[in-house]
Amino acid sequence: MNAARGPWVKRGGIVLAGAAALAAMANIGFFDAARFGRGLLNTWTFLKGLFPPEPSVLPVILTAMWETLQIAYLGTLLGFALALPAALLATRTVFAPAVTLPLRFLLVVVRTVPSLLWALFFVVAFGLGPVAGTLGIAVYTLGYLGKLFYEAFEGVDPEVLEAVRSVGCNRVQLMRFALLPEAANGILSQLLFIFEYNVRASTILGFVGAGGIGFYMLGYVQLLQYRSLLTAILVTLVVVLLIEHASTRLRRLVLSDAPSAPA
Amino acid sequence: MESAAQNNSAAVEVRDLWVSYTGARFAVEQLDLRIEPGEVCMVLGPSGSGKSTLLKAIKGILKSQRGQICVFGLETSNGINGRLRRELGCQIAYVPQNLGLVRNATVLDNTLTGALSRTATVPSLVKAFHRHDVAEARSLLRELGIAHKEQEKVFHLSGGERQRVAIARALMQRPRLVLADEFVSQLDPMTTRDILDIVTATARRGITFLITSHEIELVAQYGDRAVFLREGRKVHECRASEVNLEAVRRLMGRQ
């Protein structure tokens, strides 16, 4: 019976998914031919306007990129400093649900809001500039790393915890001598990954006035200075690729000296 | 008075012990056991016979449903917490089956973990242990033949070396009782004998050992007393020198 029904369910599913996609396209305006024609023309004008890149803005762009990197770096460090104790307190193998549950809920809330919205919130609170961007990145990092860290702590072999606990140590010592060293490699790898992610995220913080290269990108778009925009995009591309490369190599180095089998 | 009573008491005294993980089935049933100070007591039995459960109950990791456990005159049947934890916790060293070493920490740090109960929290966070504790840890590592690896991380070590680190950590607690759960089961015969030589030498200093094992020959050679468990119950108890293959087959109901 089930075997006969299988292909029909599958076909029905495909037809439904296709119909939903077509309805969404019509609703959004994908079948507006005139609009698409204009769009293609505009794209061509835009692409033509990008070249050649404008070298005279390079000093400004490089200064802004440096600010972006500082936002990402400080934001990551601040977020890490908050995420580590939060994650330790959210670890179910060490603390009771009365402590872990509220913290986990807080981390979920923080993580749900993207860093750009956090930056917007801090622009309202602290005014325009890189401080708002740094705080935005820090809060998002707290939510993201907090979850990854408590999962890493909970992945520590229970027998190790049991053995260290049984020497008569307290919870703080248990965290220092069992949880942290056992999860250290994972923590470092995740920290490098989030820094790489934060560099990319920081490039657009300027769109909401939170500092960095994004502020100039938005300005060049609004003033139709596409050649200057291309210079900013190319600088961002090179820096992000370099950071990604360095981070990947560092992570490989960290993980190459990590335990793989239980002791 | 209390300390005099503790000094005269057995190292471990278990009376009518019942322990269950689920509440439905008992992993240890109606068990009585007495171990004198300085004894090396070997617990034998097939997998699932309740050996590890017995050790965990004595250590206070598992709570018993019924019965009484006294370690050096102090009752641990309901777990080790509060005052008991301070008084007794560090005196009972526990070496789990897979040793429970912190793999990503050095040999010296793992050994010094044994001194945590007598180190204040803040100094321990920056690994500022008492000078005499560091000296004691180094001396133990020398005695156990792994002093040259004190700065190596545990996951770089061989099985035998890890075993030595686990013993060093246990002895660093300055215990009166060591509970070791099949801790030589994964070693080659030479290393096993080396480790058990260390155990018997340590027992001569007055430290009591309760070791679970499968190795009949080793039980006879290194133990003082042997206890046989089957399906959670004690089925026999004798001098370790009387243990032989035939007796074990008969007791365990195997051919």
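**Salt bridges and a covered strand**

Hi everyone! Over all chains, this structure holds 28 salt bridges. Please keep in mind that we are looking at a predicted model. For anyone new to the topic, side chains of opposite charge can pair when their charged atoms come close.

Let's start in chain B. The side chains of B:K127 and B:D109 form a salt bridge, with 2.6 Å from N to O. B:K127 sits in the loop between α5 (121-125) and α6 (131-143) of chain B, while B:D109 belongs to helix α4 (residues 107-112), so this pair links distant parts of the chain, 18 residues apart. Is B:D109 buried or exposed? B:D109 is buried, because its relative accessible area is 14% and the cut-off for buried is under 20%. B:K127, at 36%, is partly exposed.

Now look at B:E136 in helix α6 of chain B. Which side chains does B:E136 meet in salt bridges? One of them is B:R118, at 4.0 Å from N to O. B:R118 is in the loop between α4 and α5 of chain B, so that pair ties together parts 18 residues apart in sequence. Another is B:R174, at 2.8 Å from N to O. B:R174 lies in the loop between α7 (159-172) and β7 of chain B, 38 residues from B:E136. B:E136 is partly exposed at 21%, and so is B:R174 at 43%.

Over in chain A, a network of salt bridges links A:E196, A:R200, A:E244 and A:R251.

Finally, a strand. In β6 (residues 92-95) of chain B, B:I92 and B:Y94 on one side and B:A93 and B:V95 on the other are all buried. Four bridges join β6 to the parallel strand β7 (residues 177-181) of chain B, where B:L177 is the bridge partner of B:I92.

Terms used
Residues numbered from 1 in each chain as written. Chains lettered and ligands numbered in written order. Predicted model: local features only at pLDDT ≥ 70, side-chain atom pairs only at ≥ 80, totals over all residues. Heavy atoms only, no water. Buried < 20%, exposed > 50% of the residue type's maximum accessible area, 1.4 Å probe, protein only. Helix = DSSP H or I, 4+ residues; strand = E, 2+ residues; numbered from the N terminus. Pairing = 2+ DSSP bridges.
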